[in-house]
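Okay, thanks everyone, I'll keep this short. Have a look at the model on the screen first, and then I'll walk you through the parts I picked out.

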Amino acid sequence: MHGKRKRMLALRYVIVIFWLVISFLPIYAAVTTSLIPYNNLGEPFLLPKYFRWENYVDLFRTTPYLSYLKSSLIYSLGCSILSIIVCVFAAYALSRFRFRGKTVFATAMVAVQIIPQIVIALPLYTMANKVGTYDTYYMVILAMMASAIAYPILLLKGFFDGIPVSIEEAALVDGCNRFTALLRVILPVTLPAIATAFALTFFSGWDAYLYPMILTSSEKLIPLTLGMSRMIDVASKTSWQLIMAGTVLGIIPPIIVYALAQKFLIGGLTAGSDK
Amino acid sequence: MKKVVAILLCLTLLLTLFGCSGGSGGASTASPADSGSEAASPADSGAPASTDDSGDKITLKMLRLGSEEAFKPIFDPIVANFEQEHNNIDVDFSVMGWSEAATKLRLLAASEDLPDVTFINIINGYALAHEGYLKNLKPLFEADADLQADFPPSLIQAATFEEGLYWMPAAVGAFSMWYRKDLLEEAGLDPNSPPQTWEDVITYGKQITEKTGVPAFGFGAKSSSEETADFVYSLYSSYTGVPIWDPASRSFTIGQGNNRELFKQALEMMYGIVNESGIIPPNPSEYNCREFANSLYNKECAMIIDGVWAGKTFKEELDKGADSVIAATTFPAGPAGSNAIVGVDGWAMAESTKHPEEAWTLLKYLINEENQAAHSSQYGLLPMLNSMQGRPEFSNPHWAELTKQLETAVPRPQDYQISMVSLHVSDAFASYMLGRMTVDEAIDYMIDSVAAELE
Amino acid sequence: MEPHNKIHKRRRAGLSSAAPYAYIAPSVLIILVILGIPLLNLIWYSFAKVSIVGQLQKWVGLSNYGYLFSKQFAQTLGRTGIWVVFGMAGMFVIGMILSLCLNKPMPGRGFLRAAVIVPWVIPHVFSATMWMWVFDSQNGLLNNILKALGLIDQSIGFFSVGTAMATVIWIRIWKGTPFIIMSMLSAMQAIPSELEEAAQLDGATGAKYFWKVMLPLLKPVLLMSGIILLAWSITTFDIIYVTTAGGPLGATEIISISIFNEAFVKHNLGRSSAIAIFTMIVVSFAGYFLMRKNMKGAD
């Protein structure tokens with residue numbers, strides 16, 4: 001039994017590490033490329049040959065990288081926090097109430113995900129221009145939320161379903177109303193799901209590309225994705241070393257967010273079993 | 001738990017504030033004069049600026065497609081000088097990424113927000129001009145004798161679309177050939193007599209590949225690629241002597257005279273190069289011909305088809321002047337000569353501009369000899385103005401070769417559906433090169449599928 | 001005590017008719033405002049010929065929908081099917097294996113978990129370009145590795161007609177697997193540990209425990225992830241657009257790429273909208289039937 005467990009553990013490590021090695025090939029390529037001098041771009045490589053750390057300095061010198069970073073953070077945090085609030089309520093309704101149009105609502109939410117962003121772009125731009133929300137953070141955040149909330153709602157609904165109604169009823173007897181029962185009793189138990197939903201929506205915000213491109217014009221509002229892709233030069237030679245440096249640095253904040261969310265995830269578990 | 005909710009709410013609130021500040025900041029447009037004030041002499045611009053602000057000072061928006069780090073250094077000083085010379089005009093200069101252009105230029109045009117002076121590339125330009133979003137500059141140009149004298153007529157001809165001139169050519173480049181002298185020499189060839197015809201490309205190529213082991217000709221036939229289509233247009237014209245597209249009838253010229261037979265010969269010749277000669281790198285379906293500049297620079301091939309644009313990759317080598325091992329020559333000639341396509345992107349004026357006179361003044365300023373020379377030499381574009389010939393920036397030998405190409409260059413299909421035409425042309429070419437169609441099927445595919453989708 | 005309880009009950013009964021709508025109102029509002037108007041546009045575009053900026057040129061009836069019956073579109077559908085089925089199968093299988101590996105405590109688990117989700121946080125546009133450095137058919141990292149290991153002499157063309165689909169599916173799996181891992185892990189955390197102990201006492205260990213006990217518990221999450229992944233898979237655009245743009249020779253042209261090409265390359269906004277509407281209807285049907293089971297007590 002003990003030997004078997006050890007072997008299982010070894011197997012688990014082997015599988016995970018094998019996957020990680022494959023997963024990190026492109027990141028390895030990016031890091032290596034970010035250190036190549038401009039003139040040597042395009043040479044074949046296996047092991048890193050150049051270590052031009054100045055590329056990272058150049059990145060901050062020649063592009064408003066910090067401003068890109070700030071915008072990306074605002075989009076991601078805005079998208080994730082607002083989405084969670086909206087999603088918790090919707091998921092709660094789906095899980096706890098019977099009401100007309102429930103399946104239709106859930107289906108419609110998923111179905112509208114199919115509308116390609118590229119097709120929405122034009123009418124959305126016109127609308128934002130008319131309403132006067134063009135070139136603002138919240139317009140972009142709202143647009144992103146529309147396509148980011150479907151999954152968290154379904155995920156949270158699944159979790160709420162798993163929580164016995166009796167817990168809530170006990171709270172109602174204790175003098176809570178539905179709303180405070182949701183906040184005080186249900187939410188703490190569903191922290192793992194909320195943490196996951198938070199991470200997922202944060203990442204959709206970080207991924208935002210098309211919406212900021214279409215809905216903003218000032219440089220201050222440009223996120224990382226857009227900022228980096230602006231450096232791609234179709235007519236002439238692209239400064240890939242800078243784009244890759246920007247990409248490598250740009251991966252770090254969401255990883256930190258995930259690490260933090262993960263703590264909640266484990267915390268949520270213990271909080272749940274204490275009760 | 002209450003705490004967490006409270007924190008979330010606080011963050012939300014904060015965010016809303018952020019949103020507000022972002023919005024109002026965008027609306028009030030933090031004085032664009034800031035960018036200019038660095039270069040402008042303080043004594044000169046300080047006083048009038050403050051008084052003019054309240055008066056009739058106007059702001060022009062100006063947009064260049066491309067990357068910020070490439071164009072801000074070029075245009076910031078030009079804009080600053082312009083503002084100094086015209087202190088009633090502020091210029092709000094911005095850069096838009098190439099990847100954004102296809103979607104965003106249209107959105108801007110649709111809501112009449114196209115910047116007063118906008119850099120336009122052909123793919124977007126024809127469509128925008130056709131829909132009436134760009135001003136026809138022809139009357140203005142024809143009223144200006146100095147400008148007319150400075151622009152070669154062939155260039156104006158190439159930029160003409162639906163009988164109008166919707167942008168002044170500023171980014172000019174034609175397909176040519178780049179080659180490595182050292183590899184020619186190692187193969188026992190004269191480095192100073194590069195291949196001039198397609199027959200040369202094949203014989204040189206075989207010799208280089210055999211002697212050096214390097215696949216001599218960096219070439220690929222990628223499908224759904226503008227570059228591949230541009231190559232086919234060039235090849236066609238070099239065999240037939242005429243452009244592939246007749247804008248008046250909106251159709252290919254393939255059916256006229258002996259053109260189809262010649263085009264067939266050209267394609268069969270390319271099929272031989274790609275499939276039988278053994279002189280090109282593997283996996284040709286994955287690259288277009290313009291993706292080999294790095295290979296050439298790294299001595300992984302000896303000849304490539306590309307334009308002036310590749311010069312940025314070779315800059316360090318080309319700066320050595322006559323000692324450079326990389327050199328340029330004209331596009332390989334066919335029976336009709338070396339007739340490569342020419343790209344003539346340039347500065348357009350929005351139809352919706354409220355200040356047409358000032359916009360024209362700015363536009364002319366951007367293409368005057370001095371500023372165009374700065375634009376061309378720093379970014380790597382042909383010195384196309386008559387007045388620019390003989391300038392020191394363009395003294396390295398490759399410039400002369402690349403400029404020579406302009407004399408025999410042909411325009412790309414002048415049609416607002418050019419992207420659709422290029423899509424089908426490149427797909428048919430790639431299909432034939434990969435052996436999925438016969439040469440006749442490929443030609444018929446081009447003609448039929450374009451005709452089917454033409455509006 | 002008695003009257004108080006009565007009031008409470010009455011209030012709850014009264015709320016249940018309006019309350020659920022209040023709870024879903026914010027999400028409905030967002031979707032209506034952001035997607036509703038574009039959706040209406042999409043519908044009328046699909047019956048018309050419109051200019052590149054969306055202005056009506058003329059009504060054409062159903063002719064845009066005629067394309068849906070062409071051989072070309074049938075091929076696109078087939079390719080989309082391959083893309084969705086293989087992509088999702090890959091993500092689920094790999095995602096499940098990795099979640100099982102990472103579920104139980106092990107030294108360094110926190111780090112490994114964070115490392116495993118990295119592909120998810122890399123924006124699509126960059127993922128595609130980064131993989132192109134790896135898969136490049138001349139000097140790509142992978143070709144160099146395989147050559148160094150002596151496995152191949154000549155570079156493999158990872159983006160050629162026969163291989164491109166497999167390559168982009170691989171990138172999709174790489175990018176999407178962390179999503180499954182995250183969903184699975186949080187669902188597995190919610191399985192009480194007593195349950196496993198009880199199952200073990202009943203003799204359900206290892207594979208048996210997984211199939212008989214764990215999988216049924218994970219089913220709701222799996223179903224939900226499946227539905228949403230289906231929607232996302234069909235609309236995936238950036239990865240293919242950046243790497244192959246649907247080529248070579250249409251080998252990777254799935255529905256989303258068709259929609260883009262029709263609208264922005266061929267300037268045929270009407271046909272593009274018709275394809276989009278068709279796709280939406282199909283997915284809505286699939287979604288509705290899958291969802292109906294899950295939304296027990298609906299309507």
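So, chain B: of its 455 residues, 59% are buried. Keep in mind that this is a predicted model. In terms of secondary structure, chain B has 20 helices and 13 strands. If you take the contacts in chain B with a separation of 6 or more, 74% of them are between residues 24 or more positions apart.

Now, the sheets. One of them in chain B is an open sheet of five strands, and reading across you get S2-S1-S3-S13-S6, with mixed pairing. Which strands stand at the edges? Strand S2, residues 89-96, and strand S6, residues 167-174, both in chain B. Each has a single partner strand, so one side of each has no neighbour in the sheet. From one strand to the next, the twist averages 15 degrees.

Zoom in on strand S1 of chain B, residues 58-65: eight bridges tie it to S2(B), and the two run parallel. One pair to click on is B:Leu65, whose bridge partner in S2(B) is B:Met96.

What packs on this sheet? Helix H5 of chain B, residues 98-110, does, touching S1, S2 and strand S3 (117-120) of chain B. The direction of H5 makes about 130 degrees with that of S2(B). Then there's helix H16 of chain B, residues 356-366, which lies across S1, S2, S3, S6 and strand S13 (342-349) of chain B. Helix H16 runs at about 145 degrees to S13(B).

Next, another open sheet in chain B, this one with four strands in the order S8-S11-S7-S12, and the pairing is mixed here too. The edge strands are S8 (217-218) and S12 (326-329) of chain B, each pairing on one side only. Two bridges join S8(B) to strand S11 of chain B, residues 303-306, and those two strands run parallel. If you want a residue pair to look at, B:Phe217 sits opposite B:Met303 in S11(B).

Last stop, over to chain A. There's a nonpolar patch on the surface formed by A:Ile252, A:Ile256 and A:Leu260, and together they have about 280 Å² of accessible area. A:Leu260 belongs to helix H14 of chain A, residues 240-274.

How values were computed. Residues numbered from 1 in each chain as written. Chains lettered and ligands numbered in written order. Predicted model: local features only at pLDDT ≥ 70, side-chain atom pairs only at ≥ 80, totals over all residues. Heavy atoms only, no water. Pairing = 2+ DSSP bridges. Patch = residues over 30% accessible without salt bridge, like charges linked within 9 Å, V, L, I, M, F, W, Y side chains within 5 Å. Areas by Shrake-Rupley, 256 points an atom, 1.4 Å probe, with all protein chains shown as cover. Salt bridge = Lys/Arg side-chain N within 4 Å of Asp/Glu carboxyl O. Buried < 20%, exposed > 50% of the residue type's maximum accessible area, 1.4 Å probe, protein only. Contact = heavy atoms within 4.5 Å. Axes fitted to C-alpha atoms, helices over the stretch in contact; angles between N-to-C directions.
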